[in-house]
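Let's take a walk through a protein together, one step at a time. Have a look at the sequence and the model first, and then read on.

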Amino acid sequence: VARVRCCAMVASTAIRKGMLRPIINIAVQAIFKLMFSVASLKVVAFYVGPSGIAVVGQVQSFLQILSAGVSSVTTTGVVKLIAEDKHSKESIVRTSAFLLVFLSFICFVFLLISSREIANYFLEGEWVVVLLLLPLGGFFLGLNNLFVSYFNGMQKYNEYFWYSMITAFITALSICAISFYFGKVGAVYSVVIAPVVAGVCMFFLPERFRLPRASGVFKKIDGEILRILVSYSFMALGSAVVVYGGQIFLRNYIATSSSMAESGLWYAATRLSDIYMGICSVLFSTLLLPKYSAMEGRTLDGFVWRMAAIALAFGFVLVLVVGQLASFIVWLIYGEAFTASSEVLKIYVIGDGLKCLGWVFLYVMLAKQRVRAYLLYEVITAILHLAACIFFYRLYGLESMAYGYVLQGLISLFLVLLWFFISRNKTTSLGAVAS
């Protein structure tokens, strides 16, 4: 018994020590990424105004859906496969790159056929060329994600840190430069072009930032790796379609019910949420996915509950800080024309705090490839988000619309907790029978 306790203490200490370095790297990275994102967002808001930023939001969401589908084969699955160390790194990279090229081409063909209809319905008949450029932007986002996922899975945190930082800086700089020289049109196009510029620049980094050499993207594709990556692709694409598709629908609903300017005010608040929650997502996925993938049984359960306690404290601090600074942040980034967005953000951040706590349990689904459960969860929560936000908007107006997001966050947290308890009880029961 003493030996078991000693081993458990050593393992726990190792986990804490192993997590300390990436936590510091991600914290520093988060500060600079936040600065880059805020700077580029301020420039875009200056040139396009409330109505123009609604268009930027629609294009951004389309890019997020497309890049989620295209780059989904270069993110979570790659991290899991490399962390498990059951396949050669070259095979993982080769298969991921093959799927990235294939899916980018499929998306281009789809948009070539349907871009005009999409523009007519969601973008007032404009920006067809921007839609056609989306697969190119998605491809380079996926390529950058492949590098980052490889460094994360290999726990090369220095390379991970610098690659992410340089990419974020070049992307922000490109957005600012394109917006400065081409005004409103440039601000819209920069959403798609900036990732391409950043991706091309990354080819000039030193050798330590390169992927392992693979002899041809279309040669020797590993069937098992392909199956795993495709399963993660379904999860990511399903999630992106329901989440970002829901955002597109909501902004379009506000624009048709009221005005593009009011739709832009909603996007301005949710875009700020996307920035800090994107950083939180990187933090959670970097720390939790490799750990969850390598753990089973009671070891996993104990680790999840420790992370839940940390996430609860983190969410409370997030709500407190953003809630107090919302008015100042909105004024600093957007200006007086976006004052109503600060009231939205003060409520919206409560839903973000709940989401952070839910992620601790949701990442168990991802790490253990519970595809059906994950997709069902995303569909249910997306429908709840749409219904609740529209309900509060129709009754109380824009500023109270965010209460729908909070309500959805509470229900989503309950659902993922329910799944976690049921799935872990089943695992424990099967383990007891086997023993």
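This is a predicted model: local features need pLDDT of at least 70, side-chain atom pairs count only at pLDDT 80 or more; totals for chains, interfaces and linings use all residues.

**A guided tour of the model**

F420 has an aromatic partner. Across the structure, the count of aromatic pairs comes to 23. One of them joins F420 and F421 edge-to-face, with 6.3 Å from centre to centre and 65° between the planes. Elsewhere, ring pairs link F147, Y150, F151 and Y163 into a cluster.

F420 also leads us to another residue. Which residues does D301 contact, if we leave aside its neighbours within four places in sequence? They are F420 and R424. You can find D301 in helix α8, which covers residues 297-333. D301 is buried too, since its relative accessible area of 16% falls under the 20% cut-off.

Now let's step back and take in the whole chain. The protein chain has 435 residues, and buried ones make up 53% of them. Take the contacts between residues at least 6 apart in sequence: 83% of these join residues at least 24 apart. The chain exposes about 20000 Å², and carbon and sulfur atoms supply 70% of that area.

On the surface, look for a nonpolar patch formed by F102, F105, I106, F108, V109, L112 and I113. Together these residues have about 680 Å² of accessible area. Let's pick out L112, which sits in helix α3. Is L112 buried or exposed? It is exposed, because its relative accessible area is 53% and the cut-off is over 50%.

Follow helix α3 (89-122) onward and you come to the loop between it and α4 (128-153), where W127 is found. W127 has a positive phi of about 65°, although it is not a glycine. W127 is also buried, with a relative accessible area of 15%.

Next, let's look for charged partners. How many salt bridges does a search of the whole structure find? The search finds 1. In it, the side chains of E343 and K346 meet, at 3.4 Å from N to O. Both residues belong to helix α9 (residues 339-367), and because they are 3 residues apart there, about one helical turn separates them. E343 counts as partly exposed at 31% relative accessibility, and K346 counts as partly exposed at 30%.

Our last stop is a pair of cysteines. The structure holds 0 disulfides. A disulfide would need the two sulfur atoms to lie within 2.5 Å. C356 itself is buried, at 0% relative accessibility.

Methods. Residues are numbered from 1 along each chain as its sequence is written. Side-chain values use heavy atoms; hydrogens and water are left out. Helices (H or I, at least four residues) and strands (E, at least two) are DSSP runs, numbered from the N terminus. Buried means under 20% relative accessible area, exposed over 50%, partly exposed in between (1.4 Å probe, protein chains only). A salt bridge is a side-chain nitrogen of Lys or Arg within 4 Å of a carboxyl oxygen of Asp or Glu. Patches are made of residues with over 30% relative accessible area and no salt bridge: like charges are joined within 9 Å, nonpolar side chains (Val, Leu, Ile, Met, Phe, Trp, Tyr) within 5 Å. Accessible areas come from the Shrake-Rupley method with a 1.4 Å probe; for residues, only the protein chains shown count as cover. Contact means heavy atoms within 4.5 Å. Rings of Phe, Tyr and Trp (its six-membered ring) pair if their centres lie within 6.5 Å; planes under 30 degrees apart count as stacked, over 60 as edge-to-face and the rest as tilted.
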